[in-house]
Amino acid sequence: MTTSDYQGTPDGLTEAWRDRIDIGQPTAFPGMIDALRALQDQMTGSNPPEQVAAKVSDAISALTRELAGYAVDERQQVAGRLAGIPGRGQCMAPAVEITEYSDTHVRGHVSFGRFYLGGNGAVHGGAIPLVFDELMGRLANTGGRRPSRTAYLHVNYRNITPIETVLAIEAHFESDEGRKRILTGTIREGDTLCAEAEGLFVALRPGQP
């Protein structure tokens with residue numbers, strides 16, 4: 001499933017998880033993100049001859065120059081703000097397909113492509129916190145709560161997390177005290193616990209960026 005094909009957003013999710021600045025819902029941008037994700041996976045898993053690598057390099061450089069003409073500041077960018085599609089239109093972390101959510105929990109699925117390979121079919125250990133931080137951070141800011149930032153994220157790696165496999169992921173809002181919010185999360189392959197995390201998120205003070 002690609003982000004541009006995705007039709008499964010739970011009712012109300014787009015509004016509940018919308019960023020503070022409404023950038024609309026572009027139709028072509030998600031397809032561009034899909035293409036980039038596919039390129040990242042294909043590039044990671046390939047061993048092209050020199051002439052092909054040079055050709056691809058030139059093509060990517062040309063696209064980079066073309067997009068440079070449309071550069072905007074952070075407040076106007078589209079990437080990371082498309083709440084209605086998995087991954088919100090950004091490519092740093094693997095896209096999470098959300099299937100269930102409330103103000104205190106969120107569940108869904110995630111698949112790590114070849115781009116996130118650490119070795120021997122396992123996801124790179126540094127990629128797993130990216131997904132936890134994305135999902136738990138979004139949950140920490142729902143339910144009318146003030147925006148927050150990650151203070152710490154502790155991840156326990158319980159079993160190998162395989163690439164190119166549909167995995168169950170979930171996060172729970174455990175407690176809050178003053179500005180501090182504690183959340184937990186898990187990634188599972190079937191009944192096997194691959195990784196679990198605990199995060200502390202601290203609400204921003206009024207006017208704090």
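Is His105 buried or exposed? His105 is buried, with a relative accessible area of 15%; buried means under 20%, exposed over 50% and partly exposed in between, with a 1.4 Å probe and protein chains only. This is a predicted model, in which local features need pLDDT of at least 70, side-chain atom pairs count only at pLDDT 80 or more, and totals for chains, interfaces and linings use all residues. Residues are numbered from 1 along each chain as its sequence is written, and side-chain values use heavy atoms, without hydrogens or water.

**Around His105**

His105 sits in strand β2. Strands (E, at least two residues) and helices (H or I, at least four) are DSSP runs, numbered from the N terminus. The side chains of His105 and Glu100 make a polar contact of 2.9 Å. Such a contact is a pair of N or O atoms within 3.5 Å; within protein, one must be able to donate a hydrogen and the other to accept it, and residues adjacent in sequence count only if both atoms are side-chain atoms. Beyond its neighbours within four places in sequence, His105 is in contact (heavy atoms within 4.5 Å) with Glu100, Leu139, Ala171 and His172. His172 is also the bridge partner of His105 in β6.

**Strand pairing**

Strands pair if DSSP finds at least two bridges between them. β2 (residues 105-110) and β6 (residues 167-177) run antiparallel, joined by six bridges. β6 also pairs with β7 (residues 180-189), again antiparallel, over nine bridges. Asp176 stands opposite Arg181 in β7. Two residues lie between the strands of the β6 and β7 hairpin, where Gly178 has a positive phi near 65 degrees.

**Second largest pocket**

A pocket is an open set of points on a 1 Å grid over the protein atoms alone, where a 1.4 Å probe fits, with protein on both sides within 12 Å along at least five of seven lines; lining residues have an atom within 4 Å of a point. The second largest pocket is lined by 21 residues, and Phe29, Met32, Ile33, Leu36 and Leu67 lie nearest its centre. Elements that give two or more residues to this lining are α2 (29-44) and α3 (50-68).
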